[in-house]
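Me: I am new to this structure and would like to know what stands behind the terms used for it. Please take them one at a time.

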Amino acid sequence: GAAAAAAAPAMALAEVVGRSEDELGALLPGVAAEAPRKQRIELKWDGRWGKWGDSNAVHISAPHVATIEIDTTDCTEEEVVSEVKTLLSNDIGQEYPHRLLISVHLTQHEGEEVAGRKPSPQKQGKLTVEAALLLKTRACEKLKKEWQGRSICDGCATATWISTIDTASKAHVAEAKRLAQSKLAATAVSISIPSTWAFRIIPNGHCAPLNPGSHWYSFATIFGQVAGAELVWKSHFDEVVHLLIRYRRPNSVTSLREMLLGRYLWNPMTQQAHQQDAHPIVIVVDSLEALRKRATGSKQASASAVPPASAAASSASSAALPPAPAGGPKGPVYQLRRIGVTPGMQPAEIELQLAPWKTEGVIGREDGCDLVINSHHISRYHAHLRLVTEGRPGGRESYSLTIQDKSTNGLFINDKRMAKGPMVPLHDKDMISFEAADIVNVPKFHVRRFRDSLQCEEEAKLRPAEKLP
């Protein structure tokens, strides 16, 4: 039975799947003992891959996870992650399924610590990334020696491989069991997954109940009898959504945590496009009500109510334009107006405005930006806007708006990609985007120019929400 298999020594399990003990470690079999036979979905391990269902079902991977510390003051997070991914891929020589770099990402700031991997905030001048590798232990040890003070990003950063955790090892399995048994009364659990694995476009509202037989509901049944499952999110542009599962018995949550803590989900459907589409598993255990509030960012207790669509229609926020100082110029006022927003939203929620008394603004997903856009298409500091002043005859001044691309994904003006680095002029009714026109669900903005704040306010009272042409 499953309980007996769970206690099997590593060598016995290695013989089942035809892998050496050094290569395999001590993977758990991962079938919940209390699930009725007719509802049970078997999870079968082949080396470091846990598979279930058909060939398109999401895999579980038990890789080596390397923690790499980056010293830099000039490189963005996106540049560092991209460089580490490229260099490691070249070092390894990708060969599915036994020699593969499946993910490089910044360390997670939430979730549970496993076998010494404790998430911590990024420090000034330092970034910490994790790389998930399907390699033998000896190959990882060799790579670690080569990544001691390695120069990356054209000499702008230095990378040092700090530690390696084998998530298929006996030590990891023992630690996962210890942590899993620390919350024996819990019956609800949340797992974050990429939003693109769940939806083509995230729908209105905040919650989508899952039906028995659907992919993610079936995934949940691997670990026990499911009382209910749903996908929950905060906004249309979230990079991840949350799979919330309520089990009938607490030991189902224990089985899930024993199997998944510290490991990765891998999407086989995107590998044909040569993407490394893997996601570190982040698990949160709590009451179903608390998990819903956490996933939606809600401060109100609401177990079943779905907030109005307008509450989630925009993932952009900005600071209001301060009033013009007395005796100074009253205009012009430039405005970035979100395209396709829901009617009734307040301008301050969706617009960035610049004027002679506020001449610069930054667009990005970092909280300190002037216009914050929570989308995986957006870099931390994606673009820099600047109002440029030019003297004119008679002592008058002329103002023009410019934008500088500082991103990884790029900046598009009227569907044409701009060169990264130089300041590019913007004109009234130009359209700004952050991905190519054929990519759906990407924030787009119109540039508008007004004589002064009064004209801007009067026009805002009359206009409907703008739609894409």
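**Terms and the values behind them**

Reply: Leaving out residues up to four places away in sequence, Glu-79 touches Asp-74, Cys-153, Thr-408 and Lys-420. The model is a predicted one. Glu-79 belongs to helix α4, residues 77-92.

Me: Why is Glu-79 called partly exposed?

Reply: Its relative accessibility is 29%. Buried means under 20% and exposed means over 50%, with partly exposed in between. The value of 29% falls in between, so Glu-79 counts as partly exposed.

Me: How far is Glu-79 from Ser-379 in sequence and in space?

Reply: The two are 300 residues apart in sequence, and their C-alpha atoms are 9.9 Å apart in space.

Me: What makes Cys-140 count as buried?

Reply: Cys-140 has a relative accessibility of 3%. The limit for buried is under 20%, so Cys-140 counts as buried. Cys-140 sits in helix α5, residues 137-146. Not counting residues up to four places away in sequence, Cys-140 touches His-64, Leu-135, Trp-161 and Thr-164. From Cys-140 to His-64 the separation is 76 residues in sequence and 7.8 Å in space, C-alpha to C-alpha.

Me: Why are α6 and α8 called roughly antiparallel?

Reply: The two helices pack at an angle of about 150 degrees, and their axes are 8 Å apart. Angles over 145 degrees count as roughly antiparallel, which makes α6 roughly antiparallel to α8. The crossing of α6 and α8 is right-handed. On the α6 side the contact is made by Ala-176, Lys-177, Leu-179 and Ala-180, and on the α8 side by Thr-254, Arg-257 and Glu-258.

Me: Why is α8 said to be largely enclosed by the rest of the structure?

Reply: Of its 11 residues, 8 are buried, so α8 is largely enclosed by the rest of the structure. The buried residues are Ser-252, Val-253, Thr-254, Leu-256, Arg-257, Glu-258, Met-259 and Leu-260. Just after α8 comes Gly-262, with a positive phi of about 80 degrees.

Me: Which residues touch the most other members of the largest nonpolar core?

Reply: That core has 43 residues, and those touching the most other members are Trp-216, Phe-219, Tyr-247, Leu-256, Leu-260, Leu-265 and Ile-283. Among the elements that give two or more residues to this core are α6 (170-180), α7 (215-221) and α8 (250-260). Beyond four places in sequence, Trp-216 touches Val-58, Ile-193, Trp-197, Ala-198, Leu-210, Leu-243 and Leu-265.

Me: What is the order of the strands in the open sheet, and why are β10 and β15 at its edges?

Reply: The sheet has 5 strands in the order β10-β11-β12-β9-β15, with antiparallel pairing. β10 (207-209) and β15 each have a single partner strand, so one side of each is left without a neighbour in the sheet. From one strand to the next, the twist averages 25 degrees.

Me: How do you know that β10 and β11 pair?

Reply: Two strands pair if there are at least two bridges between them. β10 and β11 are joined by 3 bridges, so they meet that condition. The two run antiparallel. Ala-208 has Leu-231 in β11 as its bridge partner.

Me: Which helix packs on the sheet?

Reply: Helix α9, residues 288-296, packs there and touches β9, β11, β12 and β15. The direction of α9 makes about 175 degrees with that of β12.

How values were computed:
Residues numbered from 1 in each chain as written. Predicted model: local features only at pLDDT ≥ 70, side-chain atom pairs only at ≥ 80, totals over all residues. Heavy atoms only, no water. Core = buried A, V, L, I, M, F, W, Y, C linked by side-chain atoms within 4.5 Å. Buried < 20%, exposed > 50% of the residue type's maximum accessible area, 1.4 Å probe, protein only. Helix = DSSP H or I, 4+ residues; strand = E, 2+ residues; numbered from the N terminus. Contact = heavy atoms within 4.5 Å. Axes fitted to C-alpha atoms, helices over the stretch in contact; angles between N-to-C directions. Parallel < 35°, antiparallel > 145°, perpendicular 65-115°, else oblique. Left-handed = near helix turned anticlockwise from the far one by under 90°.
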